[in-house]
Amino acid sequence: MSSLNHSQFIWNVADVLRGTYKQHQYGQIILPFTVLFRLDATLAPTKEAVVKAAEGYQLDDVPLAMLAAQAGHHYSFYNLSRHNLKTITNDPDTLAINLRDYINRFSANVRDIFEKYKFEDTVAELESHDLIFARKVFYGHKPNKQTIKKISNT
């Protein structure tokens, strides 16, 4: 997280969730998004090279040794989506679709983590409360009630 420290990030998300969710439910949303942001930041330096090197491979058949050799990627996980967390937010109308695509294009070991978090349910729940806009919080903008209505209606 660039200019936003972790504790401020969590408080900003909690501020957005307040009123719609009970305090004991915050973690069900904050934790998987925090993991997602850490994964995104970890993969960022090799993201484009990994996607290019993996062209022609099925999602779960990408050889890790090949990624290391051709893309300088030395992790046991990867993401083949054309998106990253910044690009999924470019179009508010397709945010949830892009977020789902991004999650579903991780390697199986990471998809398993998000399945255990029931992340699809979280995204659907956020959508149902018009809170998928919470992306603004993740980039250092603390929305107020007017901003929430403006983002939700775009």
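Predicted model: local features only at pLDDT ≥ 70, side-chain atom pairs only at ≥ 80, totals over all residues.
Which of its residues are buried? They are Val110, Arg111 and Phe114. Seen down the axis of helix 6, these buried residues fall within an arc of 100°, so they line one face of the helix. That face packs against three other helices, namely helix 2, helix 5 (95–104) and helix 7. The face turned away from the buried side carries Glu115 and Lys116, both exposed.

Two of those partners, helix 2 and helix 7, also pack against each other. In general, two packed helices are described by the angle between their axes and the distance between the axes. Here helix 2 covers residues 26–43 and helix 7 covers residues 119–128. The angle is about 115°, and the axes are 10 Å apart. Roughly perpendicular runs from 65 to 115 degrees, and the angle therefore makes helix 2 roughly perpendicular to helix 7. The crossing is left-handed.

Who makes the contact? From helix 2 we have Gln28, Ile29, Pro32, Phe33 and Leu36, and from helix 7 we have Phe119, Thr122 and Leu126. By type, the residues of this contact divide into 6 nonpolar and 2 polar, with no charged residue.

Now to helix 4, residues 64–71. Its buried residues are Met66, Leu67 and Ala71. Why do they sit on the same side of helix 4? Because they cover an arc of only 100° around the axis. What covers these buried residues includes helix 3, residues 47–53. On the other side of helix 4, Ala65 and Ala69 are exposed. Just after the helix comes glycine 72, with a positive phi of about 65°.

The pattern along the sequence reads α-α-α-α-α-α-α-α-α. Of the 154 residues in the chain, 41% are buried. As for contacts in the chain, taking those between residues at least 6 apart in sequence, 63% join residues at least 24 apart.

To recap the two faces: on helix 6, Val110, Arg111 and Phe114 are buried, with Glu115 and Lys116 exposed on the face turned away. On helix 4, Met66, Leu67 and Ala71 are buried, with Ala65 and Ala69 exposed on the other side.

Definitions and conventions
Residues numbered from 1 in each chain as written. Heavy atoms only, no water. Axes fitted to C-alpha atoms, helices over the stretch in contact; angles between N-to-C directions. Helix = DSSP H or I, 4+ residues; strand = E, 2+ residues; numbered from the N terminus. Parallel < 35°, antiparallel > 145°, perpendicular 65-115°, else oblique. Left-handed = near helix turned anticlockwise from the far one by under 90°. Contact = heavy atoms within 4.5 Å. Nonpolar A, V, L, I, M, F, W, Y, C, P; charged D, E, K, R; others polar. Buried < 20%, exposed > 50% of the residue type's maximum accessible area, 1.4 Å probe, protein only. Arc of directions from axis to C-beta.
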